[in-house]
Amino acid sequence: MTQLFSGIPAAPLDPIMALNDAFAADARPGKLNLVVGVYSDGAGKVPRLRAVQQAEAAWLGKALPKTYRPIEGTKPYRDAVQALLFGAPLPRATTLQALGGTGALRVGAEVLKALRPDAAVAVSTPSWENHKALFAQAGFAVVDYPYFDAATGGVDFAGMAAALEALPEGSVVVLHGCCHNPTGADLSPEQWRSVVALCGRRGLVPFLDVAYQGFGAGLEEDALAVRLFAESGQEFLVASSFSKSFSLYGERVGAITFAAGSEGDAAKVHALAKRLVRVNYSNPPTHGAALVETVLTTPALRAEWEAELGEMRQRIQQMRVRMADSLQQRHPGRGFDAIKRQRGMFSYSGITPAEAQAMRARHGVYALDTGRICVAALNEGNIGTALDAVSAALEG
């Protein structure tokens with residue numbers, strides 16, 4: 001008999017999935033998961049947004065048939081995505097609905113592989129764990145560029161700029177458009193302008209990952225990087241996601257946007273992307289995208305959603321300040337103020353691997369060995385547990 005699968009080597013889970021499995025197997029009643037990137041409300045529950053519930057009731061009330069969605073998604077959905085990213089649809093850009101942010105990255109990677117098969121893909125150090133794996137699986141050589149400065153809890157911009165300057169022309173640069181995952185450390189507006197100019201001067205291909213628009217400073221503010229690239233006239237890609245901002249994690253609602261040099265070139269890349277989607281999953285799912293489309297195109301629901309998104313953003317910031325101030329007061333020699341300057345769902349807290357392991361082993365409080373904490377998982381009911389576990393670990 002053919003032994004097709006017996007020789008497959010064991011594949012380790014990425015750290016987030018491995019710790020998530022360990023958390024699920026932990027029988028301690030007071031355990032706390034600060035690993036998984038999911039927003040929970042003040043009661044510790046993943047919220048069902050009011051605007052989304054209203055959109056869902058309206059959509060289900062239409063009792064529409066479950067026909068295939070267009071390969072690229074509907075035009076109102078795609079126009080709404082571009083309006084969020086650019087302020088208004090960009091004529092030289094084309095957007096396709098994708099299977100969440102990950103699916104958007106993968107479609108973009110497949111298009112780039114067809115056009116620039118020998119390009120290197122540069123990813124920040126650190127970055128979301130799946131970035132390297134995704135582009136490597138698509139057949140690219142993946143290289144690192146410096147990003148996080150552990151001494152300041154911010155961005156090592158000098159190191160980043162020097163590394164990007166040294167990349168070969170035509171290299172792809174993966175950039176976090178806002179709310180850098182995992183560090184929470186974002187570029188300043190001036191630094192973004194420098195990166196845009198550098199990419200244009202060096203002939204690099206920017207690929208922006210925008211998974212957390214609205215979780216940093218606001219919907220408009222968080223779109224700054226995308227809009228600066230659009231104003232520059234450069235060609236670039238944007239992967240965007242509605243998992244977090246609409247609390248629709250399981251619906252896998254995202255989009256891949258290609259900003260081309262002209263409307264004619266946009267049509268060409270649109271056709272190429274559609275062919276690649278056709279031989280992969282053929283058509284995107286309907287339900288989640290229909291809800292997002294309804295909210296974004298209905299003024300009253302759009303206003304309701306923006307208010308709810310603001311509430312989520314403010315709650316995360318409150319937890320940031322509470323965590324940073326408490327830890328700074330308990331351990332004045334360590335320095336935790338950078339946590340307050342970071343943005344989005346995550347923070348590079350400064351916790352060492354040994355301290356993270358002690359938190360898990362002794363207290364059932366799960367954080368990555370890198371010290372990344374999902375601030376969006378903290379609330380008034382569990383932040384005391386988290387702070388006590390961190391403090392105990394810091395004290396040895």
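Biologist: At its relative accessibility, does cysteine 374 count as buried or exposed?

Modeller: Cysteine 374 counts as buried, at 0% relative accessibility. Buried here means under 20% relative accessible area, exposed means over 50%, and partly exposed is in between, using a 1.4 Å probe and protein chains only. Some ground rules: this is a predicted model, where local features need pLDDT of at least 70, side-chain atom pairs count only at pLDDT 80 or more, and totals for chains, interfaces and linings use all residues. Residues are numbered from 1 along each chain as its sequence is written, and side-chain values use heavy atoms, with hydrogens and water left out.

Now for bonding. A disulfide is a pair of cysteine sulfur atoms within 2.5 Å, and by that rule the count is 0. Cysteine 178 is in no disulfide, its nearest cysteine sulfur being that of cysteine 179, 4.2 Å away. Cysteine 178 is buried too, with a relative accessible area of 4%. As for cysteine 374, the closest cysteine sulfur is in cysteine 179, 12 Å off, so that is too far for a bond.

While you're looking there, check asparagine 181 and proline 182: the peptide bond from one to the other is cis, with omega near 25 degrees. Proline 182 sits in the loop between strand E7 (172-176) and helix H7 (189-202). Those labels are DSSP runs numbered from the N terminus, with helices (H or I) of at least four residues and strands (E) of at least two.
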